[in-house]
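Subject: Structure handover

Hello,

Please find the structure below. My notes on what was found in it follow.

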Amino acid sequence: MDQTKEIDIDLKKIFFMMRKKVVYILLFTLLGGIVAGCFTEFFIDQKYTAKISLYVYSDMNQLSTQSSISYNDYTASTALVKSYLAVLESDAVLDKVAEKVGLTDGSTIKSSISTSQDEDTNVFYVSVTTTNPKTSQSIAVAEVAPGEIARIIKAGGANVIDYAKEPKTPSSPNIKRNIFLGLLIAFAVSFVYFFVREAFNATITSVKDLEREFQIPVLGTIPRLVATRDKQAPPTDSGQIAPPEPPVSMKGDA
């Protein structure tokens, strides 16, 4: 019981002392958000993403007839998507794309291209991310992909659903998110620092600290005394400072 009470008192003391550090914590938190925002704005390159979507079919006769797609055709088309994604990321296709936009080879744009598939569908997406919006749009493989897929796999095909458009706003970095993370991290670091500092602070600041540490009653306290300087003697008529008066004798008359 006494140990629990002591812990409670310690925590109260820590949080009482933490109240005096609130201003410092808020200033440090604000500084963290400003630093994160400035770093994002001036030191991280903005990137732009152009995106296209393609539809995969397994039977080429579906393009020239009005027949509805069967379940087997749908399953086969969905299975073909993974193969198509592998083809799109191959050096053969990327070299064609690089040649189209005037680059040397596909290795220079391989890291800029990413692919994804809608789960359990025969639709997939190709995203191109660079530091220039026009470059992202021109690298998009919409014009090259269908022909290369048909040439390499020779099964089914792909039609473009949405062509790549020139992005107007950057896709990264997210300056609002980075500022929020900067504020959060700065607040956490400053709070933990001051909390740990106060938790290990053994300075006696009150009578309660003495009673808790030494477990003895306090009979009285001495007020803080402020030392005062002796007043300087006033100057005499000649302009010199008069010597101090001799001390008065406390002895009685003889």
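A surface patch is made of residues with over 30% relative accessible area and no salt bridge; like charges are joined within 9 Å, and nonpolar side chains (Val, Leu, Ile, Met, Phe, Trp, Tyr) within 5 Å. A salt bridge is a side-chain nitrogen of Lys or Arg within 4 Å of a carboxyl oxygen of Asp or Glu. Accessible areas come from the Shrake-Rupley method with a 1.4 Å probe, and for residues only the protein chains shown count as cover.

Two notes on the source. This is a predicted model, in which local features need pLDDT of at least 70 and side-chain atom pairs count only at pLDDT 80 or more, while totals for chains, interfaces and linings use all residues. Residues are numbered from 1 along each chain as its sequence is written, and side-chain values use heavy atoms, with hydrogens and water left out.

The patch

Phe28, Leu31, Val35, Phe180, Leu181, Leu184, Ile185 and Val189 make a nonpolar surface patch of about 760 Å². Helix H2 (22–43) and helix H7 (175–199) are the elements that give two or more residues to this patch. H7 supplies the largest share, five residues. Helices (H or I, at least four residues) and strands (E, at least two) are DSSP runs, numbered from the N terminus. Phenylalanine 28 lies in helix H2 and is partly exposed, at 39% relative accessible area. Here buried means under 20%, exposed over 50%, and partly exposed in between (1.4 Å probe, protein chains only).

The sheet

Four strands form an open sheet in the order S2-S3-S1-S4, with antiparallel pairing. Its edge strands are S2 (113–117) and S4, each of which pairs on one side only. Two strands pair if DSSP finds at least two bridges between them. On average, neighbouring strands of this sheet are turned by 30° against each other, direction ignored. Axes are lines fitted to C-alpha atoms (for helices, over the stretch in contact), and angles run from 0 to 180 degrees between N-to-C directions.

S2 and S3 are joined by five bridges, and isoleucine 113 has valine 128 in S3 as its bridge partner. Strand S1 pairs with S3 (residues 123–130) over eight bridges, where leucine 54 stands opposite phenylalanine 124. S1 also pairs with S4 (residues 157–162), over five bridges; there tyrosine 57 is opposite glycine 157.

Why is S1 (residues 48–57) largely enclosed by the rest of the structure? Seven of its 10 residues are buried, so S1 is largely enclosed.

Regards
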